[in-house]
Amino acid sequence: HEERQRQSQKLEAIGRMAAGIVHDFSNLVAAVDSGLRLLRKRLAEDPADPRVASLIDEILKRTETGGALTQQLLAFSRRQPLAPETVDLNERIRSLTSLLERTFGEGVTVRHLLNPGAGSVLIDANQLDVALLNLAINAKHAMADGGTFTIETSDAPDDLDEVKATAAGFVRLSLHDTGHGMDRKVLAHVFEPFFTTKGQGEGTGLGLSQVYGFIRQSGGHIRIESEPGKGTSVHLFLPRASMTAGD
Ligand code: ADP
């Protein structure tokens with residue numbers, strides 16, 4: 001009975017989310033459509049019009065958001081059982097470097113502080129990539145005027161009481177941004193599905209709730225520290241792969 005209720009709640013959530021995404025997506029398409037019409041008009045009048053370039057940037061921003069929206073829908077609908085494996089954390093992060101740099105574009109410096117002792121974690125590697133990308137997109141939104149995104153790994157998770165008791169069992173992966181940060185009120189709700197401070201067509205409020213679900217399901221922990229005007233740090237405590245597991 002409980003299981004069936006959980007299932008129907010989940011379906012309801014998916015339906016609600018799909019409706020939200022369809023709505024946001026059609027708004028985006030409408031915006032792209034009118035942007036392109038305006039672009040055609042300006043090009044016909046004066047191909048050297050300096051506003052042409054900024055209009056193209058504007059349109060590209062919309063299509064990028066559209067891509068992120070469909071990614072979220074995919075990630076949600078594909079929520080299959082996780083497939084944890086032994087993953088060399090530093091190596092996995094390095095393999096994401098160019099994707100992350102492309103995600104941020106020019107205004108943001110991507111910095112690595114990878115501790116050689118971080119070692120291996122037991123995690124679904126593809127889902128970890130999706131989670132990191134989600135967190136990077138949030139950081140990008142928070143650093144619209146540029147900044148620094150730092151990816152840090154540590155073999156000594158030091159700052160989390162709850163985890164301290166079994167600290168040896170976790171590897172810390174922290175993502176720091178120098179963006180606009182969050183106040184306490186926002187911070188209190190960030191893991192809730194559909195909670196967003198972004199405008200229509202810009203956010204679904206699902207990114208962090210997904211990351212939270214994934215990390216908890218993987219046996220890990222997630223903590224966020226943030227200061228308005230200074231930036232945000234997301235700490236992921238990932239289960240260490242046991243040395244004897246044959247890696
Ligand atoms: P969305 O990004 O679609 O709004 P999320 O669940 O990923 O959904 O994030 C929820 C809210 O948390 C965001 O709307 C934003 O207000 C806040 N947030 C998330 N990450 C950051 C960050 N790195 N810096 C500042 N605010 C953030």
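Q: What makes Phe 194 partly exposed?
A: The count of neighbours does. Phe 194 has 14 other C-beta atoms within 10 Å. A residue is buried if 20 or more other C-beta atoms lie within 10 Å of its own, exposed if 12 or fewer, and partly exposed in between, with C-beta atoms placed from the backbone. The count of 14 therefore puts Phe 194 in the partly exposed class. Before we go on, this is a predicted model, where local features need pLDDT of at least 70 and side-chain atom pairs count only at pLDDT 80 or more, while totals for chains, interfaces and linings use all residues. Residues are numbered from 1 along each chain as its sequence is written.

Q: Where does Phe 194 lie, and what is its phi?
A: Phe 194 is in the loop between helix 7 (184-187) and helix 8 (207-217). Helices (H or I, at least four residues) and strands (E, at least two) are DSSP runs, numbered from the N terminus. The phi of Phe 194 is near 75 degrees, a positive value in a residue other than glycine. Gly 219, which follows helix 8, also has a positive phi, near 85 degrees.

Q: How many helices and strands are there in the protein chain, and what share of its residues count as buried?
A: The protein chain has eight helices and seven strands. Of its 247 residues, 26% count as buried.

Q: Why does Ser 26 count as exposed?
A: Ser 26 has 11 C-beta neighbours inside 10 Å, so it lands in the exposed class. Ser 26 lies in helix 1. The C-alpha atoms of Ser 26 and Arg 42 are separated by 24 Å, at 16 residues apart along the chain.

Q: Which class does Asp 24 fall in, and why?
A: Asp 24 lies in helix 1 (residues 2-45). With 19 C-beta neighbours inside 10 Å, Asp 24 counts as partly exposed. Asp 24 and Gly 199 are 175 residues apart in sequence, yet 9.9 Å apart in space, C-alpha to C-alpha.

Q: What makes Ala 131 buried?
A: Ala 131 has 27 other C-beta atoms within 10 Å, so it is buried. Ala 131 lies in helix 5. Leaving out residues up to four places away in sequence, Ala 131 touches Val 211 and Phe 214, where a contact means C-beta atoms, placed from the backbone, within 7 Å.

Q: How do you know that helix 5 is close to its expected reach?
A: Helix 5 (residues 125-142) has 18 residues and reaches 26 Å from its first C-alpha to its last, close to the expected 26 Å. The expected span is 1.5 Å times one less than the number of residues.

Q: Why are the buried residues of helix 8 said to line one face?
A: The buried residues there are Gly 207, Leu 208, Gln 210, Val 211, Phe 214 and Ile 215. Seen down the axis of helix 8, they fall within an arc of 160 degrees, so they line one face of the helix. The arc is that of the directions from the helix axis to the C-beta atoms.

Q: Which residues touch the most other members of the largest nonpolar core?
A: Of its 32 residues, Leu 89, Val 121, Leu 135, Val 171, Val 211, Leu 236 and Leu 238 do. Helix 5 gives the most to this core, with six residues. A nonpolar core is a set of buried Ala, Val, Leu, Ile, Met, Phe, Trp, Tyr and Cys residues joined through C-beta atoms within 7 Å. In soluble globular proteins, nonpolar side chains tend to be buried together.

Q: What does Val 121 touch?
A: Not counting residues up to four places away in sequence, Val 121 touches Val 87, Leu 89, Val 171, Leu 238, Pro 239, Arg 240 and Ala 241.

Q: Which residues come nearest the ligand?
A: Of the 22 residues around the ligand, Asn 138, Ala 142, Thr 196, Gly 203 and Gly 207 come nearest. A residue is near if its C-beta atom, placed from the backbone, lies within 6 Å. Helix 5 and helix 8 are the elements that give two or more residues to this shell.

How values were computed: Two residues are in contact if their C-beta atoms, placed from the backbone, lie within 7 Å.
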